[in-house]
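Welcome! Please take a look at the structure below and keep it in view while you work through the exercises.

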Amino acid sequence: MASNQIMFILFAAMIVVFSILTVTSGKILRAAVYLLFVLVSTSGLYFMLNYQFLAAVQLTLYAGGIVVLIIFSILLTSHISQNFESSGWKKNIFSALAALIGAILSIITILDYSFSATTEAAQEVNMKLIGKSLLSVDHDGYVLPFEVISVLLLAAMVAAIVVAKKGAPRKTELSNLNQK
Amino acid sequence: MQYFLILATVMFFAGVYGFLTRRNLITILMSVELILNSVNINFMAFNRYLYPHKLEGMFFSIFVIAVAASEAAVAIAIIINIYRRFTTINVEDVDEMKF
Amino acid sequence: MINFNYTIWILLLPFLMFIFLGLAGHKYFPKLSGILGTCGLAIITVLSYITAYKYFFTSEKIDGAYQKIIAFNLTWLQFTDKLHIDIGALLDPISVMMLVVISTVSFMVHIYSLGYMKGEKGFERFFSFLSLFTFSMLGLVLATNIFQMYIFWELVGVSSFLLIGFYYQKPSAVRASKKAFIVTRFADLGFLIGILILSFNTKTFDFISLTNPAGDAIKQGVGIGFLGLSIMTWSMILVFMGGVGKSAMFPFHIWLPDAMEGPTPVSALIHAATMVVAGVYLVARMFPIYAIAAPVALNVVAYVGAFSSLFAAVIACTQTDIKRVLAYSTMSQIGYMMLALGLAGYGGHAGLGYMASMFHLFTHAMFKALLFLGAGAIIHAVHSNYMTDMGGLRKYLPITHITFLIACLTIAGIPPLSGFFSKDEILAAAFHSNKLLFAVEYAVAGLTAFYMFRLYFSVFWGKETHYHQTPHEAPATMTIPLIILAIGAAVSGFIPFNKLVTSDGKILESEIELMIAIPSVLIGLLGIGIAYIMYSKESVIPDKMAATFKYGYKWAFNKFYIDELYLFVTKKIIFRYISEPVAWFDRHVVDATMNMIATVTHGVSFRIRGFQSGQLQKYAFVFITGAIMLAILFIYLWK
């Protein structure tokens, strides 16, 4: 077996196991940690596929940003070791059924379809190319999505601040103003 | 290549199962992250095996990651607000928008 | 061709007067409305007399027969090429005669009401309703087609309803007006069905083509039979049913005595002289069809008329309310008119009954209006309707006394007053056609004289009752119409009706047959004599006779219990077994179905609202399931 395959099997096993553990674990913090492992394994997959930049982005953003955010919010809003998290068995069964049927359906579709590979030469992906195409206005430039994403990030920042702000003190400020 | 796709499918439906089953809002958010991640794997697999001369898959994945990050941030803000109001983040207790 | 276009004013003027007085009378002319109404009527009377003179004496006659002239005719509703309803005026011997009668009597009643209704609340309303009634009655007699007649027929019913219920705060008046309207409306159902059958078979509404004896319409439907009678006969009997209701013949007579709840001028105008003869007029108008195509119906007319006159005469002998005596007397006299029509044929000497009926209509209008107006003067003086409260009034009410006496002599058939001539013609017609009916009518003539003079002697002679206040004679506005009508009653017997109004328009040669005239006068005198003995002085004979014929008296006094019978049928049978189940069905089945639809919708929506549970995961579950199902459908099943 080629090393590629071994690596793939390893990563794939990790992903599958940890993702199932994430969604079935009883304690939240453990679920968050399992999610972290899933994300790290995914980035390992990306490394394997020779997309280093994306793997790095994945590690930075997902594993380093989102999971940290999640853990902070867990600490803010619930008791870490106390959460029992068991829903009624009816919900479990129906959702499992739905998920299972969906999975089987998709797998059958995938296996049925014949994917035809292309004969063109592979493009070497390096930072220079990524940087250039991210900002180029050519036919295959990505400057428009780039700008849109920056606006979206700005909007998300503002939204998060506004939504999470405490609302009560504003009223006391107003009443102070009136007294003066 | 199909193995990548099958792997992504398993991860996707694990995320779907978690979304439908879990009671804590944050675990639901984590399931959503799983789903988005599986989509990313799909794109990268297609990019590598079917369209190696193009970069669209990768860039799409980058943007998906960016969107996921911003969405997670806003979602956490909302969850914190809900916690302030209801003192619980049990999704079954947050059902005020009913008949 | 003489221009009769001005006759449109005969119809328009009372209608405009009704609207004007009805809308503006109360506010602006409370005292003047009487004068206005009377002036309007005066103009109409003059126009009617001019029309009568022009028609009878200057219009051209073809073959010696008076022609039917259409003064004007406007198409109102067009259904098909040939079927349309018009509004117009038809001039014909009977319609012109009725014009004279209606306008004269109405004019007299208007003048009389100026005095009688003075100071009453609703004075202007009274005059506007009187104008409405005059308009409706004139429209009825001038109708060119049967539907116009039906429209005005109903309008006359409405005016009668409004006028009987004039004192609307009295419950008995309200009840009486309702009864009149409902009974006549029920009879009009027969009338309408008759009209529809008739016009369906003859394909026209127009009177001139319907009653043309040589035309096509009369020949229609004679052959088709239904239960042994031809279609024409059925339709004519049904049409007559309307006449039975409006003319208060048995069995639809129950409304006429109760209609006396209205003011006395109303009783004089409507229920004595004009409206109640509408039925007779209807039969006379459709007479060629009756005589030629449906002679069985004519027999029905004759028998109904004869029975009604006998029935009413018997009841009138026992009543104590003077207005009710006069009401039954009206019913009896109209029975005479119906009988005469029923025994007539079309054309020539067979049309004697027709002419006699119309002659009697004319004279009856005069003397019956006079009787009612006189009764009004009496009631005005004594403030009571009952004979038991009156007596010896001839000292206090001289003019009323004389005119009332003239009217009573006229109705009893004493020559040379007009009643003798008209009644004699009827008896002659009866004698030549049907001896049984002649005998009945002969007896009724005697009874008529008896009960009228019973009334006269009880009121004006007899023991003097103690009056609370001395009765005073009526004012001039009330006595002048009495005098004018008395003159009319006296001399109208000499009008040559046989030259003017006959069944086919030609002159009818007739003379007084002494063999019939003398016995009729004798039985009249006999009735007067018996009444004189019983009532002119204080005497015990009436009570002894009542005691002897105990049951007969009781039944006659209670009007043979017909009212109670009708009430029993409607309340116990129709209401309980037909109306109530139908009402139950409507409430519990029809309404319940509607309610059930609403309840089911409510229930379903109550159960469905659970879909909006507010739970995020339920929504997501439905979403995923839907997506999977769509995927299965489109990828695998939709080939």
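Residues are numbered from 1 along each chain as its sequence is written, while chains are lettered from A and ligands numbered from 1 in the order in which they are written.

**Exercise 1. Find where confidence is lowest and highest in chain A.**

Step 1: Start with the score itself: pLDDT is the predictor's confidence in each residue, from 0 to 100. Chain A averages 83, and 86% of its residues score at least 70.

Step 2: Now go through the elements. Helices (H or I, at least four residues) and strands (E, at least two) are DSSP runs, numbered from the N terminus. The lowest confidence in chain A belongs to helix H7 (residues 169-179), with a mean of 52, and the highest to helix H2 (residues 28-48), at 92.

Step 3: A word of care: where pLDDT is low, the predicted coordinates should not be read in detail.

**Exercise 2. Describe the side of chain B that touches chain A.**

Step 1: Two residues are in contact if their C-beta atoms, placed from the backbone, lie within 7 Å. By that rule, 57 residues of chain B are in contact with 67 residues of chain A.

Step 2: On the chain B side, helix H1 (2-21), helix H2 (25-49) and helix H3 (56-86) each give two or more residues. H3(B) gives the most, with 20 residues.

Step 3: Sort this side by class, counting Ala, Val, Leu, Ile, Met, Phe, Trp, Tyr, Cys and Pro as nonpolar, Asp, Glu, Lys and Arg as charged, and the others, Gly among them, as polar.

**Exercise 3. Work out how chain B meets chain C.**

Step 1: Here 10 residues of chain B are in contact with 10 residues of chain C.

Step 2: The chain B side of this contact has six nonpolar, no polar and four charged residues.

**Exercise 4. Trace the pairing of strands S1 and S2 in chain C.**

Step 1: Chain C has 25 helices and four strands.

Step 2: Two strands pair if DSSP finds at least two bridges between them. S1(C) (residues 69-78) and S2(C) (residues 84-91) pair in the antiparallel sense over eight bridges.

Step 3: A hairpin of five residues joins S1(C) to S2(C), and C:Leu77 stands opposite C:Ile85 in S2(C).

**Exercise 5. Is C:Tyr561 buried or exposed?**

Step 1: A residue is buried if 20 or more other C-beta atoms lie within 10 Å of its own, exposed if 12 or fewer, and partly exposed in between, with C-beta atoms placed from the backbone. Of the 639 residues of chain C, 51% count as buried.

Step 2: C:Tyr561 is exposed, because 12 other C-beta atoms lie within 10 Å. Its place is in the loop between H23 and H24 of chain C.

Step 3: C:Phe560 is also found in the loop between helix H23 (550-557) and helix H24 (562-608) of chain C. C:Phe560 counts as partly exposed, because it has 14 C-beta neighbours inside 10 Å.

Step 4: Look at the backbone too. C:Phe560 has a positive phi of about 60° although it is not a glycine, and C:Tyr561, not a glycine either, has a positive phi of about 60°.

Methods. Predicted model: local features only at pLDDT ≥ 70, side-chain atom pairs only at ≥ 80, totals over all residues.
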